[in-house]
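Subject: Structure for you to look through

Hello,

I am passing on the structure that we talked about, and I would be glad if you opened it beside this message and followed along as you read. My notes on what was found in it come after it.

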Amino acid sequence: MRLMWKAMDKMRCLRKRSMFPFLGFLITFLLVFNLYMDDGYVLEAEKREMGETLMQPANSHTFRDLSNFSGTINVTYRYLAGIPLPRRKYLTIGLSSVKRKKGNYLLETIKSIFDQSSYEELKEIVVVVHLADFDLVWCENLVQEITRKFAHHIIGGRLLVIHTPEEYYPSLDGLKRNYNDPEDRVRFRSKQNVDYAFLLNFCTNLSHFYMMLEDDVRCSRNFLTALKKVITSREGSYWVMLEFSKLGYIGKLYHSRDLPRLAHFLLMFYQEMPCDWLLIHFRGLLAQKDVIRFKPSLFQHMGYYSSYKGAENKLKDDDFEEDSIDIPDNPPATLYTNINVFENYDATKAYSSIVDEYFWGKPPCTGDFFVIIFNKPTKISRIKIVTGTEDRQNDVLHHGALEVGHKAVETKQGRQCTSYITLGEFKGGNIEVNNVDHKIGFDIECVRIVVTASQKEWLIIRTISLWTTQPLSQL
């Protein structure tokens, strides 16, 4: 045991440098330690298999291949309000809530979800509230309030309220005090991990995607439409977790197929660290190395008092926008340029709404180009392109034209459009064209930026934003 605690001390030091370099050591150590614990939630066979796998040479895809973790956890839930509908929805929104010493924001959060969604959007979502407090009187009183305020959503299958009996929880006494956290803090965050695990487990088969929120947030208008735009634009690319807020466990999106593994993961390491740290490790084990966070944020923290001891929590997301309907569609496409790219600031970065991503190239010459080729012909209503950044205001396109093309053909260099027309010239490094579909007589297959005069300055294309006229499902 003394050797194990020395190892823990080393881990604390390593934590200050980086989360990921010691990831393999962390998981291996926790695994060995857990093998000697009486854990009723992970079978010994599962532990043994995971141990054998993690002891092998590092492989970022290892955890993804553990089929035993794809099944749900055997828990009997109490249905406090509503029942699941047989048809899978597009999105499940999960909330876990406990009794607070000060304030209660759950009802406002539920109201914001429904009020900020259109009638058509409401058809595609289900909200699951996990009342995770062991005080059953509090749970029953709160359920009565929820039922009174949101009866039509419960009847319509858009709102479910559940509770996990205390008997299914692991021991919350004598927990390891990692990082010198006080005992009550360790108990709080460890139980929170289990609360989330049971919520994720319940939601596995309700929809195609799952969004985790906290119980003290407000939503931007038509957030589901914004989410669908982002998901559509990521079609064909691999991701584990997309983030739509930079705060806590707010606005984190998953494929529902990954929920069982995440639930098992949280249960297995529930007492090791807070959930937002565990999520970083889970994402890395499933081979998503970098954070994928989008702007504007779609969810804002509104609580003033924390659920932990009623402490003040004034955190706000300064990237939040109340009205997110103006998020571009950016239909699936291939991008390339003949401008010399600086390091890893490649062409695709300009087409992404991920925070702090942009294209950066060396000084362009007359005739250089930057091309977007859509996967299929698309009706475009609006195009907006911004070059340069606040800290590099000279790295803009000083002289350039925006063109759209069609009649794409296959060449040795890939698909290329054979016919282009010019929509306008860049002014001050930017260009915006509205009513594009009314100005041209064809569906667009290519969008091209052409450099019309050489420049000495480097070029940053910060954002390329395209809006379409057809529904997302047709893109």
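Starting with the rings, the structure holds 21 aromatic pairs. Please keep in mind throughout that this is a predicted model, and that the values below were computed from it.

Because F342 lies in the loop between β10 (333-337) and β11 (359-361) while W360 belongs to strand β11 itself, the pair ties together parts that are 18 residues apart in sequence. W360 has a relative accessible area of 8%, and since buried means under 20%, W360 counts as buried. Another pair joins F359 and F370, again edge-to-face, with 5.3 Å between the centres and 70 degrees between the planes. This pair links distant parts of the chain, with F359 in strand β11 and F370 in strand β12, 11 residues apart. Are these two residues buried or exposed? F359 is buried, at 0% relative accessibility, and F370 is buried as well, at 1%. If you return to F342 and W360, you will find that ring pairs link them with Y345, Y358 and W458 into a cluster.

Turning to the overall layout, the protein has 12 helices and 18 strands, and buried residues make up 56% of its 475 residues. Of the contacts in the protein with a separation of 6 or more, 77% are accounted for by residues 24 or more positions apart.

Among the strands, seven form an open sheet, in which the order is β1-β4-β3-β2-β5-β8-β7 and the pairing is mixed. The strands at the edges are β1 (78-81) and β7 (241-243), each of which pairs on one side only. On average, neighbouring strands of this sheet are turned by 25 degrees against each other, direction ignored. Which sense do β1 and β4 show? Strand β4 (residues 159-163) pairs with β1 in the antiparallel sense, over three bridges, and the bridge partner that R78 finds in β4 is H163.

Within strand β2 (residues 89-97) you will find S96, which is buried, with a relative accessible area of 12%. Not counting residues up to four places away in sequence, S96 touches H130, A132, D195, Y196, L199 and D215. S96 and M212 are 116 residues apart in sequence, yet their C-alpha atoms are 8.9 Å apart in space.

With a relative accessibility of 45%, K316 counts as partly exposed. Leaving aside its neighbours within four places in sequence, K316 is in contact with L247, Q300, H301 and M302. The C-alpha atoms of K316 and S245 are separated by 9.9 Å, although the two residues are 71 residues apart along the chain.

Best wishes

How values were computed:
Residues are numbered from 1 along each chain as its sequence is written. This is a predicted model: local features need pLDDT of at least 70, side-chain atom pairs count only at pLDDT 80 or more; totals for chains, interfaces and linings use all residues. Side-chain values use heavy atoms; hydrogens and water are left out. Two strands pair if DSSP finds at least two bridges between them. Helices (H or I, at least four residues) and strands (E, at least two) are DSSP runs, numbered from the N terminus. Axes are lines fitted to C-alpha atoms, for helices over the stretch in contact, and angles run from 0 to 180 degrees between N-to-C directions. Rings of Phe, Tyr and Trp (its six-membered ring) pair if their centres lie within 6.5 Å; planes under 30 degrees apart count as stacked, over 60 as edge-to-face and the rest as tilted. Buried means under 20% relative accessible area, exposed over 50%, partly exposed in between (1.4 Å probe, protein chains only). Contact means heavy atoms within 4.5 Å.
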